[in-house]
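Here is a friendly walk through one protein fold, written for someone who is just starting to read structures. Have the picture at hand and follow along.

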Amino acid sequence: MSQDERLNAMLLPLRDAQLLLPNLAMADALAASELRPAADGAPDWLAGWIVWQSLDLPVLHFERLHGSGLAVSGRRARVVVLKPANASTGLPRCGLLCDGHPQLLSLRRDTIEALPLRASDVAELVLARVRVDGREALIPDLAAIEARLAALLEAGAAVASAS
């Protein structure tokens with residue numbers, strides 16, 4: 001990418017952080033009001049399930065997966081539907097809970113500053129920590145997150161929706 005080339009990205013607000021994703025990774029953003037909770041016994045990072053285009057999608061709390069006790073909730077909560085990062089997991093899509101509407105950004109190389117990961121960052125789930133336009137954000141490893149979710153679903157843990 002040359003200095004003048006632009007990258008379209010989405011900034012997703014969380015309770016205690018922001019995620020930066022390529023625009024192409026996102027399929028849709030939905031109100032979280034239709035989110036059905038996961039069944040008892042599911043890990044706390046599995047927020048539940050939502051129907052999107054006739055598919056029942058698992059939805060996760062990135063912050064809980066990343067080790068924070070915080071979780072998105074309330075009227076501003078949105079489910080961002082992500083496109084598959086790794087076709088071998090077999091997941092058609094999954095959802096990520098965020099704390100408000102995603103923001104579209106058009107970034108230039110000189111507006112992205114690499115930052116060191118923090119000791120609290122789960123390195124297997126985070127590709128980088130950056131500053132974009134003065135805001136700090138995490139770039140999640142979507143393939144690793146998807147693999148964790150696929151392993152959970154494949155293990156048959158008590159993750160079905162609590163209807």
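The report below looks at a sheet, a helix, a hairpin and the cores of this predicted model.

**The sheet**

Start with the open sheet, whose six strands come in the order β3-β7-β8-β6-β5-β4, with mixed pairing. At its edges stand β3 (26-31) and β4 (36-37); each has a single partner strand, so one side of each is left without a neighbour in the sheet. Further in, β7 and β8 pair in the antiparallel sense over five bridges. You can find Leu82 opposite Cys94 in β8.

**The helix on the sheet**

Helix α2 packs on this sheet and touches β5, β6 (55-60), β7 and β8. Its direction makes about 115° with that of β6. The helix covers residues 142-155, which is 14 residues, and reaches 20 Å from its first C-alpha to its last, close to the 20 Å expected at 1.5 Å a residue.

Look at both ends of α2. After the helix comes Gly156, whose phi is positive, near 70°.

Which residues of α2 are buried? They are Leu142, Ala144, Ile145, Glu146, Leu149, Ala150 and Leu152.

**The cores**

The largest nonpolar core has 31 residues, and Leu12, Leu60 and Phe62 touch the most other members. Elements giving two or more residues to this core include β1 (6-13), β2 (18-22), α1 (62-65) and α2. The largest share, six residues, comes from α2.

Beyond its neighbours within four places in sequence, Leu60 is in contact with several residues, among them Trp45, Leu65, Leu96, Ile145 and Leu149. There is also a second, separate core of eleven residues, which includes Ala32, Ala47, Trp52 and Leu97.

**A hairpin**

Finally, find β11 and β12, which form a hairpin with two residues between them. In the turn, Asp133 has a positive phi of about 50°. Across the pair, Ala128 has Ile139 in β12 as its bridge partner.

| Strand pair | Sense | Bridges |
|---|---|---|
| β7 and β8 | antiparallel | five bridges |
| β11 (residues 126-132) and β12 (residues 135-140) | antiparallel | six bridges |

Note on methods: Residues are numbered from 1 along each chain as its sequence is written. This is a predicted model: local features need pLDDT of at least 70, side-chain atom pairs count only at pLDDT 80 or more; totals for chains, interfaces and linings use all residues. Side-chain values use heavy atoms; hydrogens and water are left out. Helices (H or I, at least four residues) and strands (E, at least two) are DSSP runs, numbered from the N terminus. The expected span of a helix is 1.5 Å times one less than its number of residues. Buried means under 20% relative accessible area, exposed over 50%, partly exposed in between (1.4 Å probe, protein chains only). A nonpolar core is a set of buried Ala, Val, Leu, Ile, Met, Phe, Trp, Tyr and Cys residues joined through side-chain atoms within 4.5 Å. Contact means heavy atoms within 4.5 Å. Two strands pair if DSSP finds at least two bridges between them. Axes are lines fitted to C-alpha atoms, for helices over the stretch in contact, and angles run from 0 to 180 degrees between N-to-C directions.
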